[in-house]
Amino acid sequence: MSQYYVDPEDVEEMNRLLDQSYFLMRQFGGVLPERPDFQGIQQVLDIACGPGQWASEVARKHRHIEIHGLDLSERMIHFAHAKAHQDHLENVTFAVGDATRLPLSFPDNSFDLINASLIYAFMTRDFWPLLIKECWRLLRPGGFLRIIQEDANIMTNSPAMHQYHVLGSLALQRAGASFYSDQLGVIPRLPGMFERANFQLQTQKHHIIDVSQGTEGYRQAYEDYKILLANLRPFLVKWEVATPEEANACYQQFLHEMKHGIRIDDGIDPYRGYWHFYSIFGQKV
């Protein structure tokens, strides 16, 4: 059973994922910049689809393609269903399902494309290669697997945000999710996992998004982290990397620094941050 570090049924978390997905699709250049024409793609699976924004956008732009979204959260799947119905999208379906229960309930060679974006909320170190091999089973020959991931290690001049990431990574390591105590360490391992699962790498891209004060990404990052890190506090306490008081103090200091800047010897340094994302696109041959 999946072990999310935040409540997947939380309304604020659902809204955070919606906003984040639309923002990142714009930043990355569309729903699938690796193959924007979707040539040869008829059946698509979106693993951990959340409230369904990516799957619905594919369905809206490519009416001939059939898309299936899978997520553990009943609330998010209900929202995805309702929104697709409202938008008259008849080529996308959503189902409640746990991606960590293998094998998934699809036969071999079912899909031409599998998408999995920012799925580390339920992944463990040992489960990454298992899921990638399961995707190989589900894909038809010539099919594609695309994973977008971050390593929970934003570059920032905010001491409080840096400390929060250190605490979060340590908690994730104790929970069996991260490879290191100060970052997930998943990104450098994904190419090897793809190759060992017999995927041929097509593209790898690193995306650095400036989320400093005064940039387009600042508001998105502030709202995103305000919700995410608030929901992360019980997880830090559970894995004994911080007391409730320490977790709350770090959270409040982070909000202050991101909003008002960081005090330095000769004044205030405005908040600066650089959000690192990585996409890997492989083909089953």
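Leaving aside residues up to four places away in sequence, glutamine 53 touches Leu17, Leu18, Ser21, Tyr22 and Met25, where contact means heavy atoms within 4.5 Å. The model is predicted, so local features need pLDDT of at least 70 and side-chain atom pairs count only at pLDDT 80 or more, while totals for chains, interfaces and linings use all residues. Residues are numbered from 1 along each chain as its sequence is written, and side-chain values use heavy atoms, with hydrogens and water left out.

Glutamine 53 sits in helix H2 (residues 53-61); helices (H or I, at least four residues) and strands (E, at least two) are DSSP runs, numbered from the N terminus. With a relative accessible area of 7%, glutamine 53 is buried (buried is under 20% relative accessible area, exposed over 50%, partly exposed in between, with a 1.4 Å probe and protein chains only). Its side chain reaches the backbone oxygen of leucine 17 at 2.8 Å. The side chain of glutamine 53 also makes a polar contact with the side chain of serine 21, at 3.4 Å. Such a contact is a pair of N or O atoms within 3.5 Å; within protein, one must be able to donate a hydrogen and the other to accept it, and residues adjacent in sequence count only if both atoms are side-chain atoms.

As for the rest of H2, seven of its nine residues are buried, among them Trp54 and Val58. The buried residues of H2 pack against several elements, including helix H1 (11-28) and strand S5 (139-149). S5 is mostly covered too, with eight of its 11 residues buried. S4 and S5 run parallel and are joined by six bridges (strands pair if DSSP finds at least two bridges between them). Leucine 139 in S5 is the bridge partner of phenylalanine 111.

Phenylalanine 38, in the loop between H1 and S1, has a positive phi of about 55 degrees without being a glycine, and counts as buried at 2% relative accessibility. Leucine 102 and proline 103 are joined by a cis peptide bond, with omega about 0 degrees.

Further along, the axes of helix H7 (residues 216-238) and helix H8 (residues 244-260) come within 9 Å and cross at roughly 175 degrees. That makes H7 roughly antiparallel to H8 (angles under 35 degrees count as roughly parallel, over 145 as roughly antiparallel, 65 to 115 as roughly perpendicular and the rest as oblique). Axes are lines fitted to C-alpha atoms, for helices over the stretch in contact, and angles run from 0 to 180 degrees between N-to-C directions.
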